[in-house]
Every structure is written in structure tokens, then in C-alpha cells.
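Hello,

Here is the structure I promised to pass on. My notes follow below it.

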Amino acid sequence: MTQDDASLTSDTPHSKLERGPRRRDVLATVTVGMGCAGACALAYPFLDSLNGTRSNHVGESDILDVDLSTLKPGQQSVVTWRGWPVFVQKRTPEMLKKLQDPALLQKLRDPESRMPQQPRDAANWHRSITPDIGVMIGICTHLGCVPTFDAPTQAEPSGKYLCPCHGSQFDSAGRAFKDAPAPYNLPVPPVTMISDTHLRIGESKGDPDFDIANIRQI
């Protein structure tokens, strides 16, 4: 091949088209990575606040009443308590059945909720004071990201939580999977059921001395 032929070959439109997508792919990958890192950096204050930098005592301003009347089975709503996102979830019978599945329990780090990530009255297989209502602080115990809720479907009736940045996974009771980065279950705040359709976050009748600052985070 002559020098002119080589020059012509390297500058053909086909060659440029091959290089273009590669550069765009790299840029897209970097952009996604930076976006995820940014989201986790913004989430870090949530995690830091759970490690005791806030006031440990719950006052009147820390009491939040939540209306459950519009929450349908399989759905979740997000409220803010003490500046933290809190997931309030209404579970279906299928979700409750899955939470007790021996095959699932073998995949979890702390299936019996032995670590102090919740008040005593929520240290059970459903991690709540009533099985069909779940309440969890929505902060991943790995690096403080906010997990997303995969609502139950016909194909996957159990529902679960996924960390968008580092791949941590939790079941619908907020229990961490072994093969993912998060070392602990999602925290559970103190909760009291006022009625069948209303709950109170910030108060626990079953564990009145519970201190959210004492949870085992990271």
C-alpha cells in the first residue's frame, strides 16, 4: 500500500464513524459514573447524621403522624422525619410470605434482626410493629445513598430495595443481602400505630427508651 493509500484509508468516513461512537461511549460512561458519585456525595450527610451528630433526644418537633388511608397494598410513600427520608410501605400477603421464605433468609446478613438497627418491638421477621406496615429510614448502610423501591409485580411479588450507586440490596423489610456492600439492615425508627389508618413516627410504646443514635450503622 502506498503512503497516499494509507492516508486515504485512515481518513475514510467509515474509520471516523468507528472512532466516534467509542468516544461517545466513554463520555457517557464517565458522565454516569460522575452522576452516581455526586448523588452519593450528596447523600453522605444523611449517613453522618445517623451516626450521632444530631441531637439524640426525640422532642415534640420530632413526632410525625402519617395517614395510611390512601396507601394501597404493594405501594410505598416517602415522608421526612428529622431530615431523613422514611419509607412507609403497605405489604401484600405475597410480600409477607416471601419475608419468611427459608431460601431468602439464607441470602440475608441479619435475617433475625439481631443487630440494633431497630427498636425492640420491631426486632422480628417483618421488622415492624404490625406485619403489613413497614417503616424504614431510607438510607443505605453502605455509603448513605437513598435506595430505590422495586414495587411488587406479578413476576416478582416480593418487592425489594436497590442502591443505585453501589449495588446494595435489601428485601422488603429492609434486610441486607450478603452478596452486596451494605453491612447492616436499613434502620427502623420508633413507631406507634395510632389506628388502622394512622401511625406515629418518633414514638415507640414497645421500646420507649429507644435512641436512634445507638443504631449500628457503619
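pLDDT is the predictor's confidence in each residue, from 0 to 100. This is a predicted model: local features need pLDDT of at least 70, side-chain atom pairs count only at pLDDT 80 or more, and totals for chains, interfaces and linings use all residues. Numbering starts from 1 along each chain as its sequence is written, and side-chain values use heavy atoms, with hydrogens and water left out.

Confidence: the protein chain averages a pLDDT of 79, and 72% of the residues score at least 70. Residues 2-39 have pLDDT below 50. Beyond near neighbours in sequence, that stretch has nine contacts in the model (contact means heavy atoms within 4.5 Å). Where pLDDT is low, the predicted coordinates should not be read in detail.

The sheet: three strands form an open, antiparallel sheet, in the order S5-S6-S7. Strands (E, at least two residues) are DSSP runs numbered from the N terminus; two strands pair if DSSP finds at least two bridges between them. S5 (148-150) and S7 (169-171) stand at the edges with a single partner strand each, so one side of each lacks a neighbour in the sheet. Three bridges join S5 to S6 (residues 160-162). Aspartate 150 stands opposite lysine 160 in S6.

The cores: a nonpolar core is a set of buried Ala, Val, Leu, Ile, Met, Phe, Trp, Tyr and Cys residues joined through side-chain atoms within 4.5 Å. Buried means under 20% relative accessible area (1.4 Å probe, protein chains only). The largest core has 18 residues; Leu68, Val86, Val88, Val135, Ile137, Leu199 and Ile201 touch the most other members. Apart from it lies another core of 14 residues, including Met136 and Cys163.

Best wishes

How values were computed. Helices (H or I, at least four residues) and strands (E, at least two) are DSSP runs, numbered from the N terminus. Buried means under 20% relative accessible area, exposed over 50%, partly exposed in between (1.4 Å probe, protein chains only).
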